Structure formats: structure tokens, C-alpha cells
Amino acid sequence: MKIQDSQYRTIWADSNSDIQVIDQTKIPFSFEIKTLKSGNDAFYAIKDMIVRGAPLIGITAAYGVYLYARELRDSDNYTSELIDSAKNLIEARPTAVNLKWAIDKQIQFVKDSKPKDTIIRELLSSANKMAQQDIETNLAIGRHGLELIKQIHNDKGKVNILTHCNAGWFATVDYGTATAPIYLANELGYDLHVWVDETRPRNQGSKITAYELLNEGISHDIVADNTGGHLMQNGMVDLVIVGCDRVAANGDVCNKIGTYLKALAAFDNNVPFYVAMPLSTLDMTLKSGRNIPIEERDGDEVRYFSGICHEKEVEILTSPKDSTAVNYGFDITPAKLITGLITEAGIIRPKELLLKYSSEK
């Protein structure tokens, strides 16, 4: 997608086979590219949210396994150390299932009988293929979600969409999940407007989603997180599309904190509520959303607000200095509140997804 009219992906291997990522902690105030040279670089890029979004976390982890393989080349216990290092990446962000999914796929290439250089080469090739597959998956999600926008546009003209957090191309390798239908509709000239939840406490909506839409020339307005219900009550939202970090076997969805409240408001106001997700986000090992681990982050993310003041990036304390804060990163939206899941295989109800995925296994 575009940044100042230039095309970018969020992650790529450079000519030295180091890994380049866009530092999302700097968006929208500056655009910086960070080089990952080691497995620990990948670990902290995920943990510190230099990269974020379930699909991109998974791809970064896949490259992280490759980087560990490269730096451990001289180890006497190469295979066991590499596998242990790879599994350690899971601890960087435990909620997103794509991370473990990608690491498990990479570990398949790690075998005692293979030469080290072969393992390293295969891991890099595999990560590159995962990145390309992510783009193709997102385009497929976009094409299926586009049909929803087309139907609304044919019925009433301008389409107003509300989204939460950032499930855009910055959360993937390109195109995004929840935003893919929006970008494809924009390319076709549909009249669109997007309500962008600010998404406290890290403001991925107001900082990142708005930045994406601005660079793509898509009409949008940033709204406070608690505004969505009011918009829906007054007929100002035609469609809600969000992303997700994990989907349990019963169709419950784990996504950025505040998603559940949007789903409740949509359900009460008969507004269609869709979750855009690659099938790799489905975790068949968990019976329901109650079994999904919810990441609890540093309370200072709630207590402090970061931004630009007189052209300098600053952090501002917005609460009493002796008050503590609790910071849950995600919540669970029950399957009963979800109109449908937009996947690369099509738009389906949560329970239909379970049946389809199980039968293909």
C-alpha cells in the first residue's frame, strides 16, 4: 500500500538477507525503517509493538526463526538450541495464535539430518512464502468483503463503515484484513466513509488506521471509542468490520479491547458486524473464548498519552501520579453477536466455519 505515494510492504528481506520492518511505534509522526539482524531483534520487535497485528506478528516470528538459525550456526547443539529459541518467540505476544502457527511451520524445517546452511536457506524461503501468501489471503478476504460493500452501495449509495483498532495493511504484510474490502472498493471508485475508533490506550486507530486511509485518499473521521453506539443509534453506520487475533472453536472472537462493546451496540441497532480473518487465526484447540489467554500490558500505557507537542514527541501523564491502572489488551466477542466471518474461503457464520474447517482436516 502507499506511504506518500510510494508502495511499501510492512516487512521484507533486504539484499543482505537482514529483515526490514516499518517501525509502527513512530507512525504517524515519522516514518522509520528498522533492521532486524537477530532473533532477539525479532522478539522485541513483536513484544514492543514495533510490528503488530496478528498476521504480521506471525510473519515476523517466521523471519525470527530464520534469524536465530543464522546466528546459531556455530552452535554444537544447533537443532535443540534453534527449536528452543524459536519456541521462546511465542512469549513475545501470547494472544495472537498466528505467532505459534508460523513458528510451528518453521520448526518443520529444522532437522538434525539437514546441513545448517540448508536449514537457514529453507527457513528464509519459507518466511518469504508466508509473507506472499499473507498478501494473497488478504486480497481474497478483500474480494469477499467487497461484495458486502457493493450490496450496500447499490441500495443506498455512500457506505459508512466503522472499524476498531488497526486491522489494516500495517497489521499484515499488505492490504490488511478488515481494510482489504475498503481498499478494493476505493480502487473501484465506490463512495466510502470510514469511522475510525481511536482505540485507547495505544491509539492504533487514530494513529495507524487514519494514517493508512489518509495515504490512500479515503474519506474518514476519527472518533472517540465510546462514540460508536451513538453513531449506530442514529443510522450513521452501515457496516462494522473488525479484525481479530484468535478465534476459538465455537466461533468466539478475541480482538483488541473494546471490540465486544462495538458488537453489543451493533447487535442492539441491527447493524451488520463482521470479523475479517485468515483461517490461520482459527484455534481449534480452544473450545471457547473463555480459554483464550488475554494479554495484560503495562498500566502506564493507560496513564500516559503519547503525541506531538511543539514538533517534539512527548508522553503526557493524564491521571493522578499515584493512581494505578489495569491494561487488558483484548476482549472476547461471543459468536452470537457476529453476523459473519470474512475469510479467504468466503463469508460464513462462526459455526459454519467450524464445520468447514473440521471437515477439511
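Lys 100 and Asp 104 both sit in helix α4, four residues apart, about one turn of the helix. Their side chains meet in a salt bridge, with N to O at 2.8 Å; the term stands for a side-chain nitrogen of Lys or Arg within 4 Å of a carboxyl oxygen of Asp or Glu. An α-helix has 3.6 residues a turn, so residues three or four places apart point the same way. Please keep in mind that this is a predicted model, where local features need pLDDT of at least 70 and side-chain atom pairs count only at pLDDT 80 or more, while totals for chains, interfaces and linings use all residues. Residues are numbered from 1 along each chain as its sequence is written, and side-chain values use heavy atoms, with hydrogens and water left out.

**Salt bridges**

- A search of the whole structure finds 14 salt bridges.
- For Lys 156 and Asp 238, the closest N and O atoms of the salt bridge are 2.6 Å apart. Lys 156 belongs to helix α5 (residues 116–156) and Asp 238 to the loop between α8 (228–233) and β9 (239–242), so the pair ties together parts that are 82 residues apart in sequence. Lys 156 is partly exposed at 48% relative accessibility, whereas Asp 238 counts as buried at 13%.

- Helices and strands are DSSP runs, numbered from the N terminus (helices are H or I with at least four residues, strands E with at least two).
- Helix α2 (residues 54–71) packs against helix α3 (residues 78–88) at an angle of about 150°, and their axes are 9 Å apart. Axes are lines fitted to C-alpha atoms, for helices over the stretch in contact, and angles run from 0 to 180 degrees between N-to-C directions.
- From α2, the contact uses Val 65, Tyr 68 and Ala 69; from α3, it uses Tyr 78, Leu 82, Ser 85, Ala 86 and Asn 88. Contact means heavy atoms within 4.5 Å.
- By class, the contact of α2 with α3 has six nonpolar, two polar and no charged residues. Ala, Val, Leu, Ile, Met, Phe, Trp, Tyr, Cys and Pro count as nonpolar, Asp, Glu, Lys and Arg as charged, and the others, Gly among them, as polar.
- In helix α1 (residues 39–47), the buried residues are Gly 39, Ala 42, Phe 43, Ala 45 and Ile 46. Seen down the axis of α1, these buried residues fall within an arc of 165°, so they line one face of the helix; the arc is that of the directions from the helix axis to the C-beta atoms.
- The cover over the buried residues of α1 includes β5 (33–36), α2, α3 and α4 (97–107).

**Backbone details**

- Met 49 follows α1 and has a positive phi, near 65°.
- Ile 27 and Pro 28 are joined by a cis peptide bond with omega of about 10°, and Pro 28 lies in the loop between β4 (19–22) and β5.
- Arg 200 and Pro 201 are likewise joined by a cis peptide bond, with omega of about 10°; Pro 201 is in the loop between β7 (192–197) and α7 (204–216).
- Asn 203 is not a glycine, yet its phi is positive at about 60°. Asn 203 is in the loop between β7 and α7 and is buried, with a relative accessible area of 3%.
- Asn 270, also not a glycine, has a positive phi of about 55°. Asn 270 is in the loop between α9 (259–268) and β12 (273–276) and is exposed, with a relative accessible area of 73%.

Technical notes
Buried < 20%, exposed > 50% of the residue type's maximum accessible area, 1.4 Å probe, protein only.
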